[in-house]
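Let's work through some exercises on aromatic rings and their neighbours. Have the model open beside you and try each task before reading its solution.

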Amino acid sequence: MNADQIAHDRVQQSFERQGMLRVMGVELVRVQVGEVELRLPYSDAVTQQQGGFHGGAMGALADVAAGYAGLTVAAPDSEVTTVEYKINFLAAFQGGDLRAIGKVVRAGKRIIVTTAEVSHHAPDGQVRDCALMQQTLAPVPKTY
C-alpha cells in the first residue's frame, strides 16, 4: 500500500466517526499525504437567515479539511486537535456546493500548521473564492 492510500484509509476511519459531518452532509473527496479535499452540498442544514452558506459551516469545513491534512502527517498512534484557527470570509454564496482544500504548511512534533482554501462551485460551473483559513494543530493520543 502506498503512502497516499494509507493516509486515505486513516482519514476515512476518522471521518466516519464525525457525527456533525454526517448531519451537515460533508463528503470526503480526496486524500493525499499533506492535503485533503472536502465537499459540502448546499442544503437548509448549512444556511444562515438570508439563505447563504452559514459562516459556521464554512469554518467547520475548513477546520476539518485542514485538520485531516494534518492527520496525514501526524504519528500513526495519534490524532490531531485544533489549537486555533483564523478565517477570512471573502464572499457569501447560495446553491451549488463548497469545496475546502486543506494543506500542511509545516509539520512538527508538537504543532502542525495548516491552511484551507474554501471555494464555491455554482450550478453553472463557475468557481469563486469563499474563505481562507490558517490553523494550528496539536497531535494528541488516539483514543479509539
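Tyr 42 is partly exposed, at a relative accessible area of 30% (buried is under 20%, exposed over 50%, partly exposed in between, with a 1.4 Å probe and protein chains only). This is a predicted model, where local features need pLDDT of at least 70 and side-chain atom pairs count only at pLDDT 80 or more, while totals for chains, interfaces and linings use all residues. Residues are numbered from 1 along each chain as its sequence is written, and side-chain values use heavy atoms, leaving out hydrogens and water.

**Exercise 1.** Classify the pair of Phe 15 and Tyr 68.

Step 1: Recall the rule: rings of Phe, Tyr and Trp (its six-membered ring) pair if their centres lie within 6.5 Å; planes under 30 degrees apart are stacked, over 60 edge-to-face, and the rest tilted. The count by this rule is two aromatic pairs.

Step 2: For Phe 15 and Tyr 68, the centres are 6.4 Å apart and the planes make 55°, so the pair is tilted.

Step 3: Check burial: Phe 15 is buried at 11% relative accessibility, and Tyr 68 is buried at 4%.

**Exercise 2.** Now classify the pair of Tyr 42 and Phe 53.

Step 1: Their ring centres lie 5.2 Å apart with the planes at 80°, so this pair is edge-to-face.

Step 2: Phe 53 has 2% relative accessibility and counts as buried.

**Exercise 3.** Which charged ends sit over the ring of Tyr 144?

Step 1: Apply the test: NZ of Lys or CZ of Arg must be within 6 Å of the ring centre and within 35 degrees of the ring normal.

Step 2: Arg 17 qualifies at 3.9 Å from the centre, and Lys 142 at 4.7 Å.
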